[in-house]
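Subject: Structure handover

Dear colleague,

I am passing on a structure that you have not worked with before, and below it I set out what was found. Please read the notes with the structure open beside them.

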Amino acid sequence: MRQKLISTKMKIVLLILLLLSITLYASGCIVLVQSGYKISDYSAEIKNLTHYDLEQYLDYNHFNFNFNSSSLSSSHEINDNINGIEMNFTAQDINVVSDSGKDLIVEIKSNHTINEALPITENNNKLTISTNYDTPKSASILIRIPESYNKGGIKIITSSGNIQVSNLYLQSLNTSTASGDTYISNINSDYLNVSSSSGEINFSEIKNNLESKITSTSGDISGYGNLGILAGNSTSGSLDIKISDSLKDTSLSSTSGDITLSFPKDTGYKIDYNTLSGEYLGSDSLSSGDESSKITLQTLSGDIYTR
């Protein structure tokens, strides 16, 4: 008598597992349909999905596997009386850009649920934009500033998010972040104040007419442009700054980082430097012409370069 390959009991177990699998699959499909899921909404994105994008979709830190993104926007008319815009955020990444429209537009996007758009309030000719207590920390915020807003100032404060500002004509720009990086490009202003506790500061194509102050506790500072009267400081980071064509009084200091300053030599200047354990590696003389621009360079253990 031939022995059965699969016993009756095993067949029953396999049948139960099959029915259970079908039930779970059907339940999952029902949930996806009810949540508005469409594979067509994601097929184009999946083709170009990078490792960084995957980390944004899969929140590994909180084990929140959420493939649905949401976004909201708000706007406010910028009239001639508005002379200041202040932004207060927590951990979100911020991108501030110029826009050809007449309204200030705030767009927030996140892979987590956004309950409401960021409020824009007006008081004493100033606009304030702030995150709410339930604003997702992983959200990204895009703020569009009308080109017509060119006589006022912008102040941006965030605890740990990155800050990016570009293509603006302003009276003043003031940014501050605790642990995020700061990127500033193509800014025309009178006053520039940029500070970061542990993040890097990078800038390019700056046209600042009067005064600039750039400070980082442990991050590097690098960039180029015309910065007016410049004060730059980093405790443990390095400074690498290039003055394009308008040299004014400049003071740079670092505790343990190197200092590199490049500037046009066809102007009057005088260099005073001080380093405890580093070296001065300047390529030119310490003074030139009428010595109208005073340059002060100080570091404890880093080297100093002038070019």
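By class, five nonpolar, four polar and three charged residues make up the lining of the second largest pocket. Please keep in mind throughout that this is a predicted model. The volume of the second largest pocket comes to about 150 Å³, and its lining includes Asp93, Ile94 and Asn95, as well as Glu107, Lys109, Ser140, Ile141, Leu142 and Tyr183. Four strands, namely S5, S6, S9 and S11 (163–169), each contribute at least two residues to the lining of the second largest pocket.

One of those lining residues, Glu107, also takes part in a salt bridge with Arg144, in which N and O are 3.3 Å apart. Because Glu107 belongs to strand S6 (residues 103–110) and Arg144 to strand S9, this pair ties together parts that are 37 residues apart in sequence. Glu107 is partly exposed, its relative accessible area being 29%, and Arg144 likewise counts as partly exposed, at 26% relative accessibility.

A search of the whole structure finds two salt bridges, and Arg144 also forms one with Asp99, where the closest N and O atoms are 3.8 Å apart. Since Asp99 lies in strand S5 (residues 93–99) and Arg144 in strand S9 (residues 140–146), the pair ties together parts that are 45 residues apart in sequence. Asp99 has a relative accessible area of 17% and is therefore buried, the cut-off for that being under 20%. Taken together, Asp99, Glu107 and Arg144 are linked in a network of salt bridges.

The remaining notes concern strand S8 (residues 126–130), which has a covered face, formed by Leu127 and Ile129, and an uncovered one, formed by Lys126, Thr128 and Ser130. As background, the side chains of a regular strand alternate between the two faces of the sheet. S8 pairs with strand S4 (residues 84–88) in the parallel sense, over five bridges, and Glu86 stands opposite Thr128 of S8 in this pairing. S8 is also joined by four bridges to strand S7 (residues 120–123), with the two running antiparallel, and here Ile120 has Ile129 of S8 as its bridge partner. S7 and S8 form a hairpin with two residues between them, and in the turn Asn124 has a positive phi of about 50°.

With kind regards

Conventions:
Residues are numbered from 1 along each chain as its sequence is written. This is a predicted model: local features need pLDDT of at least 70, side-chain atom pairs count only at pLDDT 80 or more; totals for chains, interfaces and linings use all residues. Side-chain values use heavy atoms; hydrogens and water are left out. A salt bridge is a side-chain nitrogen of Lys or Arg within 4 Å of a carboxyl oxygen of Asp or Glu. Buried means under 20% relative accessible area, exposed over 50%, partly exposed in between (1.4 Å probe, protein chains only). On a 1 Å grid over the protein atoms alone, a cavity is a set of points where a 1.4 Å probe fits but cannot get out, and a pocket is an open set with protein on both sides within 12 Å along at least five of seven lines; lining residues have an atom within 4 Å of a point. Grid points are joined across faces, edges and corners, and a volume is the space filled by probe spheres set on the points. Ala, Val, Leu, Ile, Met, Phe, Trp, Tyr, Cys and Pro count as nonpolar, Asp, Glu, Lys and Arg as charged, and the others, Gly among them, as polar. Two strands pair if DSSP finds at least two bridges between them.
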